[in-house]
Every structure is written in structure tokens, then in C-alpha cells.
Amino acid sequence: MAMALVFPGQGSQSVGMGRTLHDSFAESRAVFEEVDEALGEKLSSLIFEGPEDQLTLTANAQPALMAVSIAALRALEAKGFSLTEARYVAGHSLGEYSALAAAGAITVADTARLLRIRGTAMQAAVPQGEGAMAAILGLDADAVLTLCEAAAEGQVCEPANDNGGGQIVISGDKAAIDRAVAMAPERGAKRAIPLSVSAPFHCRLMQPAADRMQAALAETVIAAPSVPVISNVTATPTSAPDEIRERLVRQVTGQVRWRESVEFLASDGVTKLVEIGSGRVLSGLARRIDKSLVTYAVGTVDEVRTFSGERG
């Protein structure tokens, strides 16, 4: 069974995530220590103890989720797993950075610093309350694009995440997103749900953050990953450092093409998807996109042991 590892994005965080890994595996503990040192603060204490409102802040949640994902991977590796057993790695939004760190393209320390910059820049790109996001359920990609065009009225209203299973998240100016939510049912949507987010991610309003990331990534050493990484903005694999850098910049304002990414993996013979890190969001999405995929979630000591045991 060909395998791909996938890494979760923002929203999968929870206070206490990764604690059992930290306490049970020296290799996992070293990851949290490396991230703390890179950021010059005890992010690990916030991850393990909260408070939740501080962990949820974009600038904290992004490096925190990466740290837990890499800690889980190190625990698997301590049990004999090798990343080269995977055909591809991929991640949802910030999870793409986790995937790159997992594959050795960017050091864990550099990834933590990049995600702190990314989270801070994304939060600062749009004043609080001026942007919004909403989940549109039950419409396909073309119908959501048409909805966005109708609701925009000269403002920004764009598809941000195509998560699969009839769930597409839109992003932009708050007034335009509000119009889209109001219009969606009459256009056939099952539901339109405003999301509790701090900024309108993955749309043109994030251009200041993209500019900041372009500068930060230009100063970052990126190596060829040990296995190809699926890019969010193209839903195709790459192992070329310059291409990785360019796609990460585009990702800030571009759509997360998660449905297409999972469809690509399945079309290329991947039958097993292993979610590395906190939660099971990507496992659930994968089953809605392609029911033939076998999914695993590995983010706790028990899950590490279970997966390692099933590998034989």
C-alpha cells in the first residue's frame, strides 16, 4: 500500500496536544526544546497548559501545530518508521511547512521562525473586523466561484480552501462575505456558515503578508526534500527548492486546493493517508473525498504505538 503523510492546519490545535509525546519520547521532547529555543520563549508551556485563547492566536497556533506534528513524526521514527516509506508528504495551509520540515527541506528551527513571521504577518495584514471567512456547504467549486463573483460588488470575495466533500471556504472583505452567506441558500447551498477567524486568510487581502513571507523565505535555506511535497496552490508535487519557495509565497494569497491534492494522491496510487499531528480533521476530509483511502491519525503515544504495531 503506497502511503502519504499529511499534516494538519490551523483549527486542529488544542491545549495539551503533544504532551504525551513530550513525556514519553526523548526525540519528541527535543523537538519542543528546539522550537522553544528558536522562538526565544516557552511555546511548549503554552501548548501543554494554555490558556486556549493565547494558543489560538495565529502567531502561536502555527508554530505550535508544526511542533506537535514533528514531535509525532520523531516518535514514529523512534519506533522504526522512515519517512522514505512515504511516497509523498502534504499539509493543509501551515501544514505544508510541517511537511517540508518533516522531509528535511527546512530545519525545524527555521520552520518555527517562519511560521511565527507568517502568523504575525497574516494577522496584521487586515485590520480586525474588516475581513471574514465562511464555509459554503453543498456547492461545487464552479458554483462557489460564481457566488463569490456575484457577492463581491467591487470588494474581495474569493474561494480560499477547497476542502472536499462539498465544503469550500470563502474569504475576503466582511461585507462581501456577508452578502455571499445571505445569497448562498438561494443558489443551492445546504448551509453557509460564518467562521470565527481572526483574519481573511488565503485571499488577495493577504498580499502584505505574502510580501513579508517572500522576504523571509529569500533568507531561508531550503534543501531538496527527501520525498516530494504536494503544494497547496498547485495540488502537484515538487522537490525543487526554488519552486518550493515560490509556491509558499503564492500560498499566502492563493487557494488551498486540498480536494485536488488528495485526488492527486489517490490517482497516483496512494492508498493509505497518515495524518501526523493534532486531531483528525484531514482524515475526515480524505474519507469524504475518496472513500477508498485508508486513513490513520498519529498524534498521541497510543496512536504512535497502534500505527507502529500495524506496520509490523
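Select His202 and display its neighbours: leaving aside residues up to four places away in sequence, His202 touches Ser93, Arg118, Pro159, Ala160, Asn161, Gln251, Val252, Thr253, Gly254 and Val256, where contact means heavy atoms within 4.5 Å. The model is predicted, so local features need pLDDT of at least 70 and side-chain atom pairs count only at pLDDT 80 or more, while totals for chains, interfaces and linings use all residues. Residues are numbered from 1 along each chain as its sequence is written, and side-chain values use heavy atoms, without hydrogens and water.

Staying on His202, find the loop between strand S6 (191-194) and helix H10 (207-218); helices (H or I, at least four residues) and strands (E, at least two) are DSSP runs, numbered from the N terminus. His202 counts as buried because its relative accessible area is 2%, the limit being under 20% with a 1.4 Å probe and protein chains only.

Now select Ser93, in the loop between strand S2 (86-91) and helix H6 (95-102). Ser93 is also buried, at 11% relative accessibility. Its contacts, not counting residues up to four places away in sequence, are Arg118, His202, Asn232, Gln251 and Val256. The side chains of Ser93 and His202 are joined by a polar contact of 2.7 Å (a pair of N or O atoms within 3.5 Å; within protein, one must be able to donate a hydrogen and the other to accept it, and residues adjacent in sequence count only if both atoms are side-chain atoms).

Finally, show Ser93 and His202 together: the unreviewed UniProt entry places the feature "active site" at both. Although spread over 110 residues of sequence, they cluster in space, with a largest C-alpha distance of 8.8 Å. Such annotations may be inferred rather than shown by experiment; feature names are shortened and positions follow the numbering used here.

How values were computed: Buried < 20%, exposed > 50% of the residue type's maximum accessible area, 1.4 Å probe, protein only.
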